[in-house]
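Work through the following exercises with the sequence and the structure at hand. Each task is followed by a solution in steps.

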Amino acid sequence: RELLDVAKRLEGLNRHAGKHAAGVVIGDRPLWEYVPCFRPAGDEDGIVTQYDKDMVEKAGLVKFDFLGLKTLTVIQTCLDIVNKEKAAAGLEPLDLSLISLDDVGVYKMISAADVTGVFQLESSGFRELLKKLKPDCFEDIVAAGALYRPGPLEGGMVDDFIERKHGRKRVEYDHPSLEPILKDTYGVIVYQEQVMQISSALAGYSLGKADLLRRAMGKKKAEAMAKEKVAFLDGAKDKKIDPRIAERVFDLMEKFAGYGFNRSHSAAYGLLTYQTAYLKRYFPVEFYAALLTCDKDDTDAVVKFISEAKTAGLSVLRPDVNESDKDFSVVEIASESGAKKKVIRFGLGAVKGVGEGAVDVVKQARDDGGPFLSIFDFCKRVDGRKVNRKVLEALVKAGAFDGIAQKNGVSRARLFCAIDMATERAAEAQRERESGQTSLLSLFGGAPAKKNGASNGAGSNGASGRNGANGHGLFDDKYPAGDEWMPKELLAYEKESLGFYISGHPLDRFAGEIKRYTNATARNCFEKGERAEVILAGVVTSYQERPMKNGNGKYAFMTLEDHTGQVEYIVNAKKVDDHREVLSGDEPLLVTGTVDAPFGDGENVRERLRFLDAKLLSRIRSEKSSLLDIRLNADVIKSEQLQSLEKLLRAHAGTCRTMLRMEIPKRSETVLDLGDDYKVAASDDLLARIEQIFGERVAVLR
């Protein structure tokens with residue numbers, strides 16, 4: 001009885017005081033003189049009103065919404081990169097407040113819907129609007145931002161606007177005083193401010209009264225609207241406006257007011273749209289570097305931006321211990337023609353497991369002692385407490401030592417094998433420094449030769465030693481031997497350490513099959529429309545099974561990634577049982593699905609595909625291939641390479657013919673059909689091992 005009595009008294013009481021981030025309330029006197037306030041637990045400086053947004057306004061306070069936009073950070077990051085370059089060249093910094101808003105090149109880019117990364121315009125729907133609208137002035141961008149909403153789109157207002165802009169529909173005004181108000185929007189009422197201006201011009205409303213009319217129209221309250229209509233017509237009569245015209249204009253305002261958008265908001269957003277488009281048009285490398293920096297924790301966004309950058313002809317390079325900053329940066333390299341070329345360099349901070357402290361240590365050592373010459377040199381010069389073995393492994397797997405590796409004539413695999421040796425030597429050198437000991441050789445700028453070191457000041461890799469007071473010579477830098485990483489392993493390690501593929505993609509080796517058998521990509525698959533069948537190629541990056549509510553089996557969600565981005569699939573219980581082994585693996589797949597209906601509300605609307613079928617791309621290629629075509633340069637081929645090839649072909653016996661093309665560049669080519677003794681089983685492993693012997697893209701299955 002007591003328990004029930006207490007429960008009844010507690011029932012319906014508020015459990016706690018919640019706080020809704022509804023905006024900032026501002027008054028001309030302390031807030032508690034207007035409304036009841038309270039101080040949230042744990043927030044000594046915060047005061048929260050106990051009235052909601054409508055009540056605080058009635059109490060005489062003003063509520064402001066302050067929106068935080070990531071785009072502002074993108075713009076500032078891009079400007080920082082651009083102005084750093086301009087300062088180095090002795091040029092005036094770029095000031096976006098001074099740029100022209102009439103740049104033809106910017107509007108051409110926007111009209112072509114080349115708007116990846118441009119504020120507001122990235123969605124597929126907005127791209128379609130831009131292609132039809134073809135904005136050629138700033139007012140068009142402002143209007144587009146106001147029009148791209150469900151109401152105007154569904155009500156035909158957008159089509160009307162476009163037809164009038166391009167002269168396919170006549171622009172008419174019910175009264176001459178409407179022309180200066182509606183001219184910029186081709187006679188269409190687009191903005192709330194236009195409703196206020198019209199009521200002022202035709203009916204003599206004050207701006208305060210006009211704002212009340214705007215609110216009433218927006219809320220579509222019949223009783224309030226009836227009163228407002230009478231007041232409007234009376235005001236128009238006083239200004240000697242024809243009653244029929246006044247009534248027609250009021251009805252027009254009432255029709256469009258529900259769709260009307262705040263022009264000041266749209267103009268402010270439109271300015272950001274134009275500024276980001278300007279930066280993309282004239283500073284594309286810096287712009288994409290800024291986008292990648294600001295979205296570095298969003299794998300899908302990074303994959304999309306890297307793909308877009310490459311499509312635009314820009315290069316995105318792996319991280320590098322001798323060049324990278326913490327974030328994505330812009331560096332200059334020599335192009336094939338010898339000219340300087342700007343490229344985007346991955347930041348060291350993007351490597352998983354490499355914290356800010358480690359990045360700071362690496363940059364400090366590089367600034368103090370110049371570029372690192374080897375992994376041994378690197379380990380001697382950085383603080384091993386901040387850059388430990390796990391950090392080194394992540395950096396090697398991400399390719400951050402590739403520049404050093406190429407100069408030293410070693411691979412990532414051999415660098416990885418050298419980590420233990422390099423850290424041990426660094427620890428030994430550290431102990432000697434701390435004990436005050438030093439060797440005779442180090443006094444003369446060298447380093448003590450190890451048992452496995454080479455003599456005469458040259459390492460096993462042939463790199464010359466560095467002399468000097470810092471004493472990080474190279475003549476003891478002998479890299480241990482080890483099995484080379486297969487291309488598949490190398491890419492898997494990149495994905496592990498970066499979350500992305502940089503030096504390639506697992507799909508690269510299936511370019512022919514992808515071209516023949518797919519009809520969409522992750523980026524454009526939803527453009528085909530609901531229920532359309534789409535065939536994509538990709539690798540599964542996420543696969544999760546969940547029990548059915550009725551307990552009969554499991555369904556699954558999976559994410560497929562291709563060169564252009566990622567897309568989600570839902571897999572029903574029957575398909576899960578049939579395809580579990582393929583979908584939970586890491587091999588490239590050819591996946592068939594249908595476009596599902598969008599789900600979610602407002603800004604949280606999501607799109608996904610419904611899974612139908614999946615096949616291994618390697619199996620498709622094996623089943624369809626009848627010829628292995630190997631193309632070699634006769635001028636550089638070595639006999640031991642040919643011997644390795646023969647052993648490899650015999651070890652992969654099958655039914656696929658092998659054709660060997662021996663080329664003498666710019667002179668001749670000899671084609672050899674190797675006959676039945678060298679027929680092979682077409683496989684991805686065989687191609688990878690041939691490339692391991694001769695280099696990339698020498699073998700093709702047809």
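**Exercise 1.** Decide whether F557 is buried or exposed in this predicted model, and describe its aromatic pair with Y555.

Solution. Buried means under 20% relative accessible area. F557 has 14% relative accessibility, so F557 counts as buried. Y555 has a relative accessible area of 22%, so Y555 is partly exposed. The rings of Y555 and F557 lie 5.5 Å apart, centre to centre. Their planes make 80°, and the pair is edge-to-face.

**Exercise 2.** Find which parts of the chain the aromatic pair of F378 and F401 ties together.

Solution. The structure holds 17 aromatic pairs. F378 belongs to helix α18 (residues 375-381), whereas F401 is in the loop between α19 (389-397) and α20 (402-408), so the pair ties together parts that are 23 residues apart in sequence. F378 is buried at 0% relative accessibility, and F401 is buried at 1%.

**Exercise 3.** Give the strand order of the open sheet that three strands form, and identify its edges.

Solution. The order is β5-β7-β6, with mixed pairing. β5 (316-317) and β6 (329-334) each have a single partner strand, so they stand at the edges and one side of each lacks a neighbour in the sheet. β5 and β7 (residues 340-345) run parallel and are joined by two bridges. In this pairing, V316 stands opposite I344 of β7. Helix α15 (residues 284-294) packs on the sheet and touches β6 and β7. The direction of α15 makes about 10° with that of β7.

How values were computed:
Residues are numbered from 1 along each chain as its sequence is written. This is a predicted model: local features need pLDDT of at least 70, side-chain atom pairs count only at pLDDT 80 or more; totals for chains, interfaces and linings use all residues. Side-chain values use heavy atoms; hydrogens and water are left out. Two strands pair if DSSP finds at least two bridges between them. Helices (H or I, at least four residues) and strands (E, at least two) are DSSP runs, numbered from the N terminus. Contact means heavy atoms within 4.5 Å. Axes are lines fitted to C-alpha atoms, for helices over the stretch in contact, and angles run from 0 to 180 degrees between N-to-C directions. Rings of Phe, Tyr and Trp (its six-membered ring) pair if their centres lie within 6.5 Å; planes under 30 degrees apart count as stacked, over 60 as edge-to-face and the rest as tilted. Buried means under 20% relative accessible area, exposed over 50%, partly exposed in between (1.4 Å probe, protein chains only).
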